[in-house]
Amino acid sequence: MGFSDVFATLTILSASVRFAVAAPTAQCCESLLGLMPIDTFMEESATYETENTDFWSATEILEPSCVFLPDSPEKVAQAVNLFVQNDCKFSIKGGGHSAIPGAASIHDGILMPMEKLRTFDISPDGSLAKVGSGYLMGEIYAGLDPANLTAMIGRYAKVGLGVALGAGVNYLVNKNGLAIDNVVSFEIVLANSTIVNANATSHPELFKALKGGNNNFGVVTAFTLATEKTDGSIYGGVISYAESYLDQVLDVVYDYSVRQAVDDHLTHVLPQYGYNGTTDEATNFSPVMYNKGVYELPEIMQGWLDIPHFNSTLHNRQYHDLAVELNEAFADGLVQEQRVFTVYADAQLYKDLWNNFHAWCKNYRHIPGFFGFHVNMPITPNAVQQGIAKGGNSLGLEDAGDRVLGAIYFGVTFNSMDDADEVLPAHDDFVKSQQALAESRGLLHKYIMLTYSGWDQPAIESYGEENVQNLLSVQAAYDPNKVFQRLVPGGQKLPSQ
């Protein structure tokens, strides 16, 4: 199937789940407009145009029938009730940072951005922060930095809180685990339009399911996040290396994965490689940081500085400042695709994966704006154990034992959807070939990280049969009519029973 066919396929699948008595989408929008006129925006409005183009990837720009902008959980509940009663399709948009077509938007349905859900409350003791689902990472850091606090969330300023339903590698992942494991409570509107708080003592089975369960159980309107006290600043920035030094960088990447991240939980690095088709150049530009208010990297991280580099933005700063810098390297509105798989850490495999990707990317340098992006994100045994200690999640990482895992990301960017059919199927084939390479060496782990997955990668199935069955059991209990499967068709969905 060509990638241009994905949009048509999603539309057909969405339509196929309507009841025989389903209201036409235009009627759904008219009913919504009558119920909440100040929050509903039709196609001819400026708000509709703004919301329908406010996405990281051009693959996410579809043709919703109208836009609904709720500013309270109660309005979300009213809307869900209307959608269920009339069988209206809709999408749930947080930060709009997915590249999966339909994950945060919809064709012939109602686009529901969360951006006006703006609760932001820090508990008196500073241990928790309740954050509305409309907040982006940069805004959360800006709210916590002045209180000398941080949260285990995403790293880029314009990413939304969808990471806290999928996985969520974060600045303190080596110490405190993934973002999903540091959500203390989810405020969620269920399919029956009730608003509940799912946490360790109230709806605990739903609480665990939401930690990796994506948009399959309801509309999350707020997240209560565990916070971490800080020194008021951190030390970090981006170190950039020329192509001639990338083999040395790969050695340090492996050392970070199996030693630095394991032995010092305050370290954090996001090893990033890029190939620029326009210039035919490859570089490494890795965010490197230490979660303390120091003024230089600790000795354990000196390997990053020992390799000659052509630029460094390392300095003492706050989390918000770093998140903004990282985001500035990535433009909105281009065509994006992400794919990911997981391996057991291995130095030679890490080198082969990058070198193979670099060679593959050169075949597409003629594509306007082509950029290939490779990231290697370690998941340490402590990060996995943090998830277990905090009540467990749905990801199925426990079988890794004392071995470090690496989430292996490959992404492509280019200017125009006209080139999608040439690039994207080939990108899929390439990633599958690298999975096969890892498997041939006994290094492939089953896990596919949902937040970086491709549209057709079986992310939720990768959690393992037991976890999938648990998710389906929660669905049967909380959404027996499968509202969030049928009426919210986008994104990674639960597999069919």
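**Exercise 1.** Is Asp-108 buried, partly exposed or exposed?

*Solution.* Keep in mind that this is a predicted model.
- Step 1: Find the residue. Asp-108 sits in the loop that links strand S3 (90-93) to strand S4 (110-113).
- Step 2: Look up the accessibility. The relative accessible area of Asp-108 is 27%.
- Step 3: Apply the cut-offs. Buried means under 20% and exposed means over 50%, with partly exposed in between. Asp-108 is therefore partly exposed.
- Step 4: Check the backbone too. Most residues other than glycine have a negative phi. Asp-108 is not a glycine, yet has a positive phi of about 60 degrees.

**Exercise 2.** Where is Ser-193 placed, and is Ser-193 buried or exposed?

*Solution.* 
- Step 1: Ser-193 is found in the loop between strand S8 (183-189) and strand S9 (195-199).
- Step 2: Its relative accessibility is 18%, so Ser-193 counts as buried.
- Step 3: Here, too, look at the backbone: phi of Ser-193 is positive, near 75 degrees, although the residue is not glycine.

**Exercise 3.** Which residues is Ser-105 in contact with, leaving aside neighbours within four places in sequence?

*Solution.* 
- Step 1: Locate Ser-105 in the loop between S3 and S4.
- Step 2: With a relative accessible area of 1%, Ser-105 is buried.
- Step 3: List the partners. Once the neighbours within four places in sequence are left aside, Ser-105 contacts Asn-52, Phe-55, Glu-60, Leu-62, Pro-64, Ser-91 and Leu-111.

**Exercise 4.** At what angle do helix H12 and helix H14 pack, and what kinds of residues make up their contact?

*Solution.* 
- Step 1: Helix H12 (residues 347-361) packs against helix H14 (residues 420-440) at about 160 degrees, and their axes are 11 Å apart.
- Step 2: Angles over 145 degrees count as roughly antiparallel, so H12 is roughly antiparallel to H14.
- Step 3: The crossing of H12 past H14 is right-handed.
- Step 4: From H12, the contact takes in Leu-349, Asp-352, Leu-353, Asn-356, Phe-357 and Trp-360; from H14, Val-423, Ala-426, His-427, Phe-430, Gln-434, Leu-437 and Ala-438.
- Step 5: Sort these residues, and you get 9 nonpolar, 3 polar and 1 charged.

**Exercise 5.** Which residues of helix H2 meet helix H4?

*Solution.* 
- Step 1: Helix H2 (residues 25-35) and helix H4 (residues 73-86) pack at about 150 degrees, their axes 11 Å apart.
- Step 2: H2 and H4 make a right-handed crossing.
- Step 3: In H2, the residues are Cys-28, Ser-31, Leu-32 and Leu-35, which meet Gln-78, Ala-79, Leu-82, Phe-83 and Asn-86 in H4.
- Step 4: By type, this contact has 6 nonpolar residues, 3 polar and no charged.

**Exercise 6.** How many helices and strands does the protein have, and what is its radius of gyration?

*Solution.* 
- Step 1: Count the elements: 16 helices and 20 strands.
- Step 2: The radius of gyration is 22 Å, close to the 23 Å that the globule rule gives for 497 residues, so the protein is as compact as a globular protein of that length.
- Step 3: Along the principal axes, the C-alpha atoms fill a box of roughly 65 × 55 × 45 Å.
- Step 4: Of the 497 residues, 61% count as buried.

Terms used: Residues are numbered from 1 along each chain as its sequence is written. This is a predicted model: local features need pLDDT of at least 70, side-chain atom pairs count only at pLDDT 80 or more; totals for chains, interfaces and linings use all residues. Side-chain values use heavy atoms; hydrogens and water are left out. Axes are lines fitted to C-alpha atoms, for helices over the stretch in contact, and angles run from 0 to 180 degrees between N-to-C directions. Helices (H or I, at least four residues) and strands (E, at least two) are DSSP runs, numbered from the N terminus. Angles under 35 degrees count as roughly parallel, over 145 as roughly antiparallel, 65 to 115 as roughly perpendicular and the rest as oblique. A crossing is left-handed if the near helix is turned anticlockwise from the far one by less than a right angle, and right-handed if clockwise. Contact means heavy atoms within 4.5 Å. Ala, Val, Leu, Ile, Met, Phe, Trp, Tyr, Cys and Pro count as nonpolar, Asp, Glu, Lys and Arg as charged, and the others, Gly among them, as polar. The radius of gyration is taken over C-alpha atoms; the globule rule is 2.2 Å times the number of residues to the power 0.38. Buried means under 20% relative accessible area, exposed over 50%, partly exposed in between (1.4 Å probe, protein chains only).
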